[in-house]
Amino acid sequence: MSPILVTGGAGYIGSHVVQQLVARGERVLVIDNLSSGFTDAVRGAELIIGEVGDRVLITRILSQNRVDAVLHFAAHTIVPESMSDPLKYYGNNTCSTRNLLASCVESGVRRFLFSSTAAVYGMTPGGVADEQTPTLPINPYGRSKLMSEAMLRDVSAIGAMRHVILRYFNVAGCDPLGRIGQSTPNATLLIKAVCECAVGKRESISIFGTDYDTPDGTGIRDYIHVEDLAAAHLRALDHLRADGESLTLNCGYGHGYSVREVVEAVERASGKSLNVIEKPRRDGDLPMLIARADQLRARLGWQPAHDDLDFIVATALAWERKLADRAAQPR
Ligand code: UD1
């Protein structure tokens, strides 16, 4: 069986996709430089440690293994860091993707799935985005991903491959069976940060902005469970294998929750009242961003299984407790 190459398969989202691919009997190769991934997150797949931008290494892997499809997750993803160190993002996210695409073309890989982001949209009318909404990213992270999208479309336009670009909204939660999770140190993402507070890893949780024009004054986002997002990748791969056309699809549930609602959900799940500190707005944050996500359902036949904030939070909290237990164990 021809294998699939997953870049960044030791990271948070990549590892959940790998686990689902392996569970349905796919042969999977993972390439990861372990800059933010973990060896033990790669379950049932071969892990190659290396750089996605390494043309020689990647071309060799693709040709020797007759790789059927590439799923490209490897990227830096921290928006505030992209503002302070933009070239890191253009280098690792954009330039490396260019090299990866060149290796794919050279080796005849004809199917490509790309992890893009809602950050490509920027400020949208009414805080809602469909795939036709103009893309005006407000940070280098979003721009670095948008440039990769453009390269991929151009390469597909010359007939070299077909692709599915998945634009993730706010991904959260972990494997409900607790085998893998989100282990990123110094996390900035809301649900992980609040869960860290609930297990005592943080003293307090900050709410960045309570004066937005939203019902409770805090920012609203469309949180999607990582298992539902992973399932969308398997559907996208099937679509390309069935000779489906290239697509760009939003990945979200189509509705959102405020920061306060997230904090309350973690308080409910943990049975603890958290030390919440209200702070000014964070630079580069939007009041609201929700996906119009009908296309994901219509084009790929995807259906969410975990569209429930309490479930998302319960899985994230269970993983955080596991990490806290591990950290407390004597070495
Ligand atoms: C952003 C990107 C998203 C990217 C993600 C990864 C945009 C529009 N979205 O999501 O594409 O995948 O980063 O880094 O650029 N908040 C707090 N306290 C905290 C942390 C967050 O109040 O400690 C608030 C934020 O102000 C925001 C919401 O929680 O309103 C979600 O923030 P976060 O989880 O960081 O994700 P985004 O910035 O929405």
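This is a predicted model: local features need pLDDT of at least 70, side-chain atom pairs count only at pLDDT 80 or more; totals for chains, interfaces and linings use all residues.
Good morning. I begin with an open sheet of four strands, which lie in the order β6-β15-β10-β13 with mixed pairing. At its edges stand β6 (128-129) and β13 (257-258), each of which pairs on one side only. Inside the sheet, β10 (residues 220-221) and β15 (residues 288-291) run parallel and are joined by two bridges.

Let us turn to another strand, β5. It covers residues 111-117, and seven of its seven residues are buried, so the strand is largely enclosed by the rest of the structure. Which way do its side chains point? Arg 111, Leu 113, Ser 115 and Thr 117 point one way, while Phe 112, Phe 114 and Ser 116 point the other way, and all are buried. As for its partners, β5 pairs with β4 in the parallel sense over three bridges, and Val 70 stands opposite Phe 112. With β7, β5 also runs parallel, and here seven bridges join the two strands. Within that pairing, Ser 116 has Arg 167 of β7 as its bridge partner.

Next, helix α1. This helix spans residues 12-23, twelve residues in total, and reaches 17 Å from its first C-alpha to its last, close to the 16 Å expected at 1.5 Å a residue. Is α1 mostly covered or mostly open? The helix is mostly covered, with ten of its twelve residues buried. Among the buried residues are Tyr 12, Ile 13, His 16, Val 17 and Leu 21. The elements that cover them include the strands β1 (4-7), β2 (28-32), β4 (69-72), β7 (162-168) and β8 (170-172), together with helix α7. Just after α1, Gly 25 takes a positive phi of about 90 degrees.

The core draws at least three residues from each of two domains, domain 1 (4-172 + 223-251) and domain 2 (190-221 + 254-328). What does Val 6 touch, leaving aside its neighbours within four places in sequence? Its contacts are Val 18, Leu 21, Val 28, Leu 29, Val 30, Ile 31, Leu 71 and Phe 73.

Finally, the aromatic rings. How many aromatic pairs does a search of the whole structure find? The search finds three, and I shall describe two of them. Tyr 89 and Tyr 141 form an edge-to-face pair, 6.4 Å centre to centre, with 90 degrees between the planes. This pair links distant parts of the chain, since Tyr 89 belongs to helix α4 (residues 86-107) and Tyr 141 to helix α5 (residues 140-157), 52 residues apart. Both tyrosines, Tyr 89 and Tyr 141, are buried. Tyr 121 and Phe 169 form a tilted pair, 6.3 Å centre to centre, with 35 degrees between the planes. Because Tyr 121 lies in the loop between β5 and β6 and Phe 169 in the loop between β7 and β8, the pair ties together parts that are 48 residues apart in sequence. Tyr 121 is buried, with a relative accessible area of 0%, and Phe 169 is buried as well, at 6%. Thank you for your attention.

Technical notes. Residues are numbered from 1 along each chain as its sequence is written. Side-chain values use heavy atoms; hydrogens and water are left out. Domain bounds come from an automatic or database domain assignment. Contact means heavy atoms within 4.5 Å. Two strands pair if DSSP finds at least two bridges between them. The expected span of a helix is 1.5 Å times one less than its number of residues. Buried means under 20% relative accessible area, exposed over 50%, partly exposed in between (1.4 Å probe, protein chains only). Rings of Phe, Tyr and Trp (its six-membered ring) pair if their centres lie within 6.5 Å; planes under 30 degrees apart count as stacked, over 60 as edge-to-face and the rest as tilted.
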